[in-house]
Amino acid sequence: FRVDNEDPAMATVEDQIASLTARVETLEGFFPNGVNAGDNAFVLISAALVCLMTPALGMFYGGLCNAENVLNTIMMSFVTMGLVTLQWLFVGYSFAFGPGNNAFGSFQWGGLVKVSHMDPVPQYMPTVPHLSFTSFQVMFAQITPALISGSVVGRMKFSSYLIFVLIWTTACYDLIAHFVWSWTVDDTGAVVCLGWLCTLGAIDFAGGTVIHITSGFSGLVAAMILGQRRNADAMSPHNQPMVVTGAALLWFGWFGFNAGSAGAANGIATIAFMNTHIGAGTALLTWMILEWIFEGHPTATGASIGAVVGLVAITPACGYVTCMASVCVGAFGVICAYSSLWIKRKLKFDDTLDVFCCHGMGGVAGAIMTGCWANVAVNPFIPPQSGQGMFYPSYGGVPQGMLLGYQLAAICTAIAIAVSVTAVTLILMKYTIGIRVSSDDESQGLDRSVHGGDGYSLAALLPLFGSKNPVPAPQSAVGKVEVVQSESKQQSESKQHPGSKAQPDVVVVSS
């Protein structure tokens, strides 16, 4: 604050001090009870970055699928931003983080009516308003079921998908989030774990178990129940620049995903930020090298997938490990994911966009690496019952290697709940309302049959080729560009300029 010595009203030092004190008290009224403006801004910006990841996922998945299903694929991610947000508002947040017991939250924070936009909640983020923490967490909730959509691209009824997302988020995601991330304040005023996996000693900094393991294994089950696509062997990424762009936006948003999970603009956020970048970069190069060796060439799609796998693997560990350890985490995540692709090919289950391999196995790898490399010197806020990673000495009376055991218990619990909820939900829906589109709709593509449009407009593309007379693309041609020469123009130009080639009259771009 500036002290104005020239103001006659501020002639004495006592008057100046009184004025400054009044200003401070006024500002404290806007940020009561220990709320830090810098931390609050950091968490809200991080939430916005995580929000960007859901449409970025749609772009990433959209480029990987075939052109007839690009709108449907993007919509399956985009729609969760509305559906899961309302679920979170009414019951989801209260079920996951509300006061309760070690197995379930409560209805106390339903509708967010008791969630303050001014006061913090000490057991979660003590320096930001409670509603800021809620806003940050809803972004995690909305992207998790969107990840599952990559396993069912091109063959699941959109209406059934919406119902499944609502049930799965409530019965699976909210439950696992409570198990791993719920805390409470005990009678002595100390902040202690509430969820039973957290109480056991399992740790997950930003969602490897809660988000990626649950979505990856749920995607596998969903793909098996739905069955194979009609043209599963023929599909390949239709738009690789779109894949790379989506992966880049995911990478960008992941800084908010991981660093924001520190809950404050502090050193833990810094190490999480840097580890995120190192893990992704290491995984990108590892995937590229493996692809070069076994497939003969490094592809843009492979590099993008490798980066995403690295981001998945480093997520549970980013706030607990050193920068050098994050190299091991990223590389190990790719080795597990790439190896699982061979298993997928042998077993021939049709997980369309390899959600199980990338997110399921990548999440398992990250959780295991957290049990090996978590270090209290990096993060002194690791729960005392957890100890530290297997590669470090015993800590706090917890024997060396116990954290890895806790991590394995969390992995198995998450897999069991995800598989059970997904299987029961989809099987019941399969024999009641149905979950798979008709053969005709699948052959035509879900963009037209479900959403009434095409991902790419022929009329918009024709001017790029100097064409004036659009000709409808044949349904049977997939991913082809055909040059059509009108017969009259060809004959006319042949007479005027013998031996010359006439310019194309129409370029037909089919989906």
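**Figure 1. Ser-215 sits in helix H8 of this predicted model.** Helix H8 spans residues 208-226, and Ser-215 has its place there. Welcome to a view of the interior: Ser-215 counts as buried because its relative accessibility is 0%. Beyond its neighbours within four places in sequence, Ser-215 is in contact with Thr-144, Leu-147, Ile-148, Trp-168, Val-355 and His-359. The model shown here and in the views that follow is predicted.

**Figure 2. The protein chain as a whole.** Let us step back for a moment to see the setting. The protein chain has 18 helices and 4 strands. Of its 511 residues, 52% are buried. Among contacts with a separation of 6 or more, 73% are between residues 24 or more positions apart. The accessible surface of the protein chain comes to about 22000 Å², and carbon and sulfur atoms account for 65% of that surface.

**Figure 3. Arg-229 and Asp-350 form a salt bridge.** A search of the whole structure finds 5 salt bridges. In one of them, the side chains of Arg-229 and Asp-350 meet, with an N to O distance of 2.6 Å. This pair links distant parts of the chain, its members being 121 residues apart. Arg-229 lies in the loop between H8 and helix H9 (240-259), whereas Asp-350 lies in the loop between helix H12 (323-347) and helix H13 (355-373). Arg-229 is buried because its relative accessible area is 11%, under the 20% cut-off. Asp-350 is buried as well, with a relative accessible area of 6%.

Figure 4. With a relative accessibility of 7%, Thr-352 counts as buried. Follow the chain from Thr-352 to Val-152 and you cover 200 residues, yet in space their C-alpha atoms are 6.3 Å apart. Leaving out residues up to four places away in sequence, Thr-352 touches Gly-150, Ser-151, Val-152, Val-153, Arg-155, Arg-229, Met-235 and Lys-344. One of these, Arg-229, is the salt-bridge partner of Asp-350.

**Figure 5. Glu-295 and Arg-345 pair across two helices.** The side chains of Glu-295 and Arg-345 meet in a salt bridge, 3.8 Å from N to O. Glu-295 is in helix H10 (residues 267-295) and Arg-345 is in helix H12, so this pair, 50 residues apart, links distant parts of the chain. Glu-295 is partly exposed, at 36% relative accessible area. Arg-345 is partly exposed too, at 46%.

Figure 6. Leu-285, Ile-289, Trp-292, Ile-293, Phe-294 and Trp-342 make a nonpolar surface patch of about 680 Å². Helix H10 supplies the largest share of the patch, with 5 residues. Among the members, Ile-289 lies in helix H10 and counts as partly exposed because its relative accessibility is 47%.

**Figure 7. Tyr-173 in the largest nonpolar core.** The largest nonpolar core has 122 residues, and Phe-60, Phe-97, Tyr-173, Trp-181 and Phe-257 touch the most other members. Without counting residues up to four places away in sequence, Tyr-173 touches Trp-88, Gln-137, Phe-140, Ala-141, Thr-144, Trp-168, Trp-181, Val-210 and Ile-211.

Figure 8. Ser-438 is found in the loop between helix H14 (402-430) and helix H15 (439-444). This residue is partly exposed, with a relative accessible area of 37%. Ser-438 and Ser-449 are 11 residues apart along the chain, and their C-alpha atoms are separated by 9.9 Å. Arg-448 forms a salt bridge with Asp-454, and their closest N and O atoms are 2.6 Å apart. Arg-448 is partly exposed at 36% relative accessible area, and Asp-454 is partly exposed at 38%.

**Figure 9. Where to read the model with care.** The mean pLDDT of the protein chain is 88, and 84% of its residues reach 70 or more. Over residues 470-496, however, pLDDT stays under 50, and the model has 51 contacts beyond four places in sequence for this stretch. Over residues 498-511 pLDDT also stays under 50, with 56 such contacts in the model. Where pLDDT is low, the predicted coordinates should not be read in detail.

Key:
Residues numbered from 1 in each chain as written. Predicted model: local features only at pLDDT ≥ 70, side-chain atom pairs only at ≥ 80, totals over all residues. Heavy atoms only, no water. Buried < 20%, exposed > 50% of the residue type's maximum accessible area, 1.4 Å probe, protein only. Contact = heavy atoms within 4.5 Å. Salt bridge = Lys/Arg side-chain N within 4 Å of Asp/Glu carboxyl O. Areas by Shrake-Rupley, 256 points an atom, 1.4 Å probe, with all protein chains shown as cover. pLDDT = per-residue confidence, 0-100. Patch = residues over 30% accessible without salt bridge, like charges linked within 9 Å, V, L, I, M, F, W, Y side chains within 5 Å. Core = buried A, V, L, I, M, F, W, Y, C linked by side-chain atoms within 4.5 Å.
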